[in-house]
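Me: Hey, I've got a structure I've never looked at before. Can you walk me through it?

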Amino acid sequence: MGDVEKSRQKRTFVEQYEKHKLGPLEELIFKPHKENGLRKLTREEIEKYLSLDIKALKKTKMNIKTIIIAEETQKFLAKNKQKLLNKIKEREEDEYAR
């Protein structure tokens with residue numbers, strides 16, 4: 001395979017990646033669902049998540065599955081907000097103690 005072919009494949013990959021790359025909002029929506037995602041959430045991200053306007057998201061062209069995930073995760077975070085904030089505080093204290 002020549003350099004021209006490798007360059008063409010790389011350009012095609014980059015174009016496809018850019019087309020399907022998640023935006024900041026989708027990254028926030030899916031972050032709690034990644035491995036150890038809830039543990040990696042910050043206070044600011046929790047507040048942003050809880051302030052998401054699900055009704056407004058439904059009016060956008062966002063995938064309905066993503067909106068449902070956001071809605072259910074928002075309910076979970078609201079229900080368990082204090083526990084999560086306590087864990088974040090403990091983690092910050094442990095990092096500060098080191």
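Predicted model: local features only at pLDDT ≥ 70, side-chain atom pairs only at ≥ 80, totals over all residues.

Me: How many salt bridges does the structure hold?

Reply: Four. A salt bridge here is a side-chain nitrogen of Lys or Arg within 4 Å of a carboxyl oxygen of Asp or Glu.

Me: What does Glu45 pair with?

Reply: Glu45 meets Lys31 in a salt bridge, at 2.9 Å from N to O. Glu45 sits in helix α4 (residues 43-50), while Lys31 is in the loop between α2 (24-30) and α3 (37-40), so the pair links distant parts of the chain, 14 residues apart. Helices are DSSP runs of H or I with at least four residues, numbered from the N terminus.

Me: Is Glu45 buried or exposed?

Reply: Buried, because its relative accessible area is 18% and buried means under 20%, with exposed over 50% and partly exposed in between (1.4 Å probe, protein chains only). Lys31 has 22%, so that one is partly exposed.

Me: And which residue does Arg43 bridge to?

Reply: Glu92, with the closest N and O atoms 3.4 Å apart.

Me: What about Glu47, where's its partner?

Reply: Its partner is Lys81, which lies in helix α7, 34 residues away from Glu47 in helix α4. Their closest N and O atoms are 3.1 Å apart. Glu47 is partly exposed at 39%, and so is Lys81 at 27%.

Me: Switching topic: which residues of α4 are buried?

Reply: Glu45, Ile46 and Tyr49. They cover an arc of only 100 degrees around the axis, so they lie on the same side of α4. The arc is that of the directions from the helix axis to the C-beta atoms.

Me: Why would residues a few places apart point the same way?

Reply: An α-helix has 3.6 residues a turn, so residues three or four places apart do that.

Me: What's on the face turned away from the buried side of α4?

Reply: The exposed residues Glu44 and Lys48.

Me: And what covers the buried ones?

Reply: The cover includes α2, α3, α6 (64-79) and α7.

Terms used: Residues numbered from 1 in each chain as written. Heavy atoms only, no water. Helix = DSSP H or I, 4+ residues; strand = E, 2+ residues; numbered from the N terminus. Contact = heavy atoms within 4.5 Å.
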